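Colleague: Could you pick one part of this model and take me through it slowly? I'm new to this, so please spell out the terms as you go.

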Amino acid sequence: MSADTYRVGPFEFASRLFVGTGKYANFDLMKASLDASGCQVVTVAIRRDVLAADGKAKPENMLDYLDPERYTILPNTAGCFNAEDAIRSARLSRELLEGMGNPGAKWVKVEVLADKKTLLPEPVGTLQATEKLVAEGFIALVYTNDDPILAKAIKEAGATSVMPAGSPIGSGRGILNPANIELCLEYLKEGDPDYPVVVDAGVGTASDVTVAMELGSDGVLLNTGIAGAREPVRMARAMKQAIEAGRLAYLSGRIPKKRYASASSPLEGTIGQ
Amino acid sequence: MQVRINGKERDVEAGTTVAMLLRELDAAPQRVAVEINRELVPRSTFEETFLSEGDTIEIVTFVGGG
């Protein structure tokens, strides 16, 4: 069997898990969790640097814990609530990654959020930011809600990948509307079966990842599901296996759901007939 | 002269470049990206980009995120 790889723009990956680097108790735990997850893509955010004059101890730099040979870094525009800030954030990230020589320099996970309570995507700003970033040469992976119509519009705006949310960021509620994720997949892959669709956000446990993969997603992006688990490294291993289980189940073709039972053992020749 | 760096007012000497500012603030040039007045300052121009009175400067780095 040939390797089951997939492409996102110029990149080819074998692992279908994208893992975030936020919320770990410490960087050693983050590093061990990423390792156990088998991921090849890690997401990062940008924030103001802690400067010497701030009077605080300079924190360790996360980059010292990310092997650049192993991981392609996908910067997000998290925390941006309008298209302009998302574009600024993407430019800053590109500059940082170019300085590090990381291949992730050309891509960005576009997030334009509506409000702090739900962290749900703001659709108009998301679409505007996508158009502008694509025009600037970015490879845009775009976080959106599970609306298939909007997903298609984002693809048409030039997104390299659309990333529909399973449920709100960090909520751990899993895939709330599998029927909509299925429609997103159908619309995005119509006549373009290799178009990458990565379910992003809301994963609480391994079965959520499996569900997303069974529906035919190309990958899953998660962060809190691992970082917030009581034992993140063990959960990372669970997520790795969940991705593989879901992918294999999707490729194998599940049986149709039936209303009534269908015996596995022959009904002919039973004793006492 | 007064500039605003990461949201705080600071006093810097006239003739300060971005590279000089980063040294003064103990920020590693390879680990930060810089904006002045919402415009990206490419790393290759840190040495020759001078700060001006009233500039708003952002100095950012990568942190954990999903």
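**Where the chains meet, and on into chain A**

Modeller: Let's start with strand β4 (residues 41-48) of chain A, which pairs with β5(B) in the antiparallel sense over 5 bridges. Here a strand is a DSSP run of E of at least two residues, a helix is a run of H or I of at least four, and both are numbered from the N terminus; two strands pair if DSSP finds at least two bridges between them. This is a predicted model, so local features need pLDDT of at least 70 and side-chain atom pairs count only at pLDDT 80 or more, while totals for chains, interfaces and linings use all residues. Residues are numbered from 1 along each chain as its sequence is written, and chains are lettered from A and ligands numbered from 1 in the order in which they are written.

To find one of the bridges, look at Ile46(A): its partner in β5(B) is Phe62(B). Now widen the view: 23 residues of chain B are in contact with 31 residues of chain A (contact means C-beta atoms, placed from the backbone, within 7 Å). On the chain B side, β3 (33-36) and β5 (56-64) each give two or more residues, and β5(B) gives the most, with 7. That side splits into 10 nonpolar, 6 polar and 7 charged residues. Ala, Val, Leu, Ile, Met, Phe, Trp, Tyr, Cys and Pro count as nonpolar, Asp, Glu, Lys and Arg as charged, and the others, Gly among them, as polar.

Strands of a sheet pair through backbone hydrogen bonds, parallel or antiparallel. For a parallel case, go to the open sheet of 3 strands in chain A, ordered β6-β7-β8. Its edge strands, β6 (107-110) and β8 (161-164) of chain A, each pair on one side only. The twist averages 15 degrees from one strand to the next; axes are lines fitted to C-alpha atoms, for helices over the stretch in contact, and angles run from 0 to 180 degrees between N-to-C directions. Between β6(A) and strand β7 (residues 139-144) of chain A there are 4 bridges, and Val108(A) stands opposite Ala140(A) in β7(A). Across β6 and β7 of chain A lies helix α3 (residues 123-135) of chain A, running at about 175 degrees to β7(A).

Conventions
Contact = placed C-beta atoms within 7 Å.
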